[in-house]
Amino acid sequence: MYKKQKDPLNFSSKISSTQRYMANVRERNRTMSLNEAFSLLRQIVPTLPSDKLSKIQTLRLATLYITFLDQALDESLEILQCPGSDSTLFNEKLALMFSKWRMENERSLINMQ
């Protein structure tokens with residue numbers, strides 16, 4: 001059998017270390033990107049003051065919010081029929097309506113967890 005030659009410059013170890021370093025950099029960038037996306041989602045989805053949501057809870061709440069918005073459009077809620085209203089006021093009213101809807105449907109949220 002052939003004897004494995006020693007790598008006098010430790011070349012393979014340096015390649016391995018470089019590959020590991022680059023994989024760590026990619027993973028760090030991926031994690032940062034994911035955290036930024038969740039941060040943005042948390043800003044968009046109305047929450048209650050007591051909410052400290054994990055990532056999975058944020059996704060579940062976003063799903064509920066989308067369901068709420070779909071129902072709101074289907075039912076042509078009064079707030080959505082005011083096209084000329086101030087967008088800040090509109091967003092505040094929508095957040096308030098969602099909070100009320102969410103509290104009324106709290107059982108669904110608990111069952112999802």
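Leaving aside its neighbours within four places in sequence, with which residues is T58 in contact? In this predicted model, in which local features need pLDDT of at least 70 and side-chain atom pairs count only at pLDDT 80 or more, totals for chains, interfaces and linings use all residues. Residues are numbered from 1 along each chain as its sequence is written, and side-chain values use heavy atoms, with hydrogens and water left out. With neighbours within four places set aside, T58 is in contact with F38, L41, R42 and L53, where contact means heavy atoms within 4.5 Å.

The protein chain contains four helices and zero strands, and from the N terminus on its elements follow the order α-α-α-α; helices (H or I, at least four residues) and strands (E, at least two) are DSSP runs, numbered from the N terminus. Of the 113 residues of the chain, 18% count as buried, a term that means under 20% relative accessible area, whereas exposed means over 50% and partly exposed lies in between (1.4 Å probe, protein chains only). The chain exposes about 9400 Å², of which carbon and sulfur atoms supply 57%; accessible areas come from the Shrake-Rupley method with a 1.4 Å probe, and for residues only the protein chains shown count as cover. Among contacts between residues at least 6 apart in sequence, 44% join residues at least 24 apart.

The structure holds five aromatic pairs, defined for rings of Phe, Tyr and Trp (its six-membered ring) whose centres lie within 6.5 Å, with planes under 30 degrees apart counted as stacked, over 60 as edge-to-face and the rest as tilted. The ring centres of F68 and F98 are 5.5 Å apart and their planes stand at 55°, so this pair is tilted. Because F68 lies in helix α2 (residues 55-74) and F98 in helix α3 (residues 87-104), the pair ties together parts that are 30 residues apart in sequence. Both F68 and F98 are buried. F68 also forms a tilted aromatic pair with W101, at 5.5 Å centre to centre and with 50° between the planes. Since W101 lies in helix α3 and F68 in helix α2, this pair ties together parts that are 33 residues apart in sequence, and W101, like F68, is buried. Ring pairs link Y65, F68, F98 and W101 into a cluster.

The largest nonpolar core is made up of ten residues in all, namely V45, L53, L61, A62, L64, Y65, F68, L94, F98 and W101; such a core is a set of buried Ala, Val, Leu, Ile, Met, Phe, Trp, Tyr and Cys residues joined through side-chain atoms within 4.5 Å. Helices α2 and α3 each supply at least two residues of this core, and α2 gives the most, with five residues. In soluble globular proteins, nonpolar side chains tend to be buried together. When neighbours within four places in sequence are left aside, F68 is in contact with L94, M97, F98 and W101.

Polar side chains also join parts of the chain. T58, found in helix α2, has 2% relative accessibility and so counts as buried, and a polar contact of 3.2 Å joins its side chain to that of R42. A polar contact is a pair of N or O atoms within 3.5 Å; within protein, one must be able to donate a hydrogen and the other to accept it, and residues adjacent in sequence count only if both atoms are side-chain atoms. N35, placed in helix α1 (residues 11-44), has 34% relative accessibility and therefore counts as partly exposed. A polar contact of 2.8 Å joins the side chains of N35 and K55, whose C-alpha atoms, 20 residues apart along the chain, are separated by 8.9 Å.
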